[in-house]
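Colleague: I'd like to go through this model with you, one question at a time. Could you put it up on the screen?

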Amino acid sequence: MTIQRMEHVGIVVEDLAAATAFFVELGLELRGGGPVEGGWVDRVVGLESVRVEIAMLETPDGHGRLELAKFHAPSGRGGEEQAAANTPGIRHVAFAVDDIDAVVAGLRARGAALVGGVERYEDRYRLCYVRGPEDIIVELAEQIG
């Protein structure tokens, strides 16, 4: 028995609309969503009386998915604001892009900020980290050469 593929990455957010808009601006496509609740979800996530709203987004190639979730109940504890890239836990999600400068400009227009700068890694990539809504860090990678 082996893993077939990665199904999706889930991110819990406070402002589902803003987070969804950020990832749509980045180029992901909204594939569905809506309210989720009931005994089955309580048992899956190990919480009681869960009421959550989700948005499922997909990369244009159809191979990567991102699930954004806004929990209405039960309320969760707040995380560390603007956790640094070296804080233990999942810190970022990475996407390959064609034109890193254009993507950064589009995201900045929506309020995102560079964590550091756009840098070159050898003769292979231009890379950067962008902090979006909910302090989500997204790595952008443009292949060069």
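**Talking through the fold and its salt bridges**

Colleague: Among contacts in the chain between residues at least 6 apart in sequence, what percentage join residues at least 24 apart?

Modeller: First, a note on what you're looking at: this is a predicted model, where local features need pLDDT of at least 70, side-chain atom pairs count only at pLDDT 80 or more, and totals for chains, interfaces and linings use all residues. Residues are numbered from 1 along each chain as its sequence is written, and side-chain values use heavy atoms, with hydrogens and water left out. A contact means heavy atoms within 4.5 Å. Taking the chain's contacts between residues at least 6 apart in sequence, the share that join residues at least 24 apart is 52%.

Colleague: In what order do the elements of the chain run from the N terminus on?

Modeller: Helices (H or I, at least four residues) and strands (E, at least two) are DSSP runs, numbered from the N terminus. Here you get three helices and nine strands. Read from the N terminus, the order is β-α-β-α-β-β-β-α-β-β-β-β.

Colleague: What share of the 145 residues count as buried?

Modeller: Buried means under 20% relative accessible area, exposed means over 50%, and partly exposed is in between (1.4 Å probe, protein chains only). With that cut-off, the buried share of the 145 residues is 34%.

Colleague: Which residue does glutamate 14 meet in a salt bridge?

Modeller: A salt bridge is a side-chain nitrogen of Lys or Arg within 4 Å of a carboxyl oxygen of Asp or Glu, and the structure holds eight of them. In this one, the N to O distance is 3.2 Å, and the partner of glutamate 14 is lysine 70.

Colleague: How many residues apart are the two?

Modeller: Glutamate 14 sits in the loop between β1 (9-12) and α1 (16-26), while lysine 70 is in strand β4 (residues 65-73). The pair links distant parts of the chain, with a separation of 56 residues.

Colleague: Which residue forms a salt bridge with arginine 120?

Modeller: The closest N and O atoms of this pair are 3.7 Å apart. Both of its residues are exposed. The partner of arginine 120 is aspartate 123.
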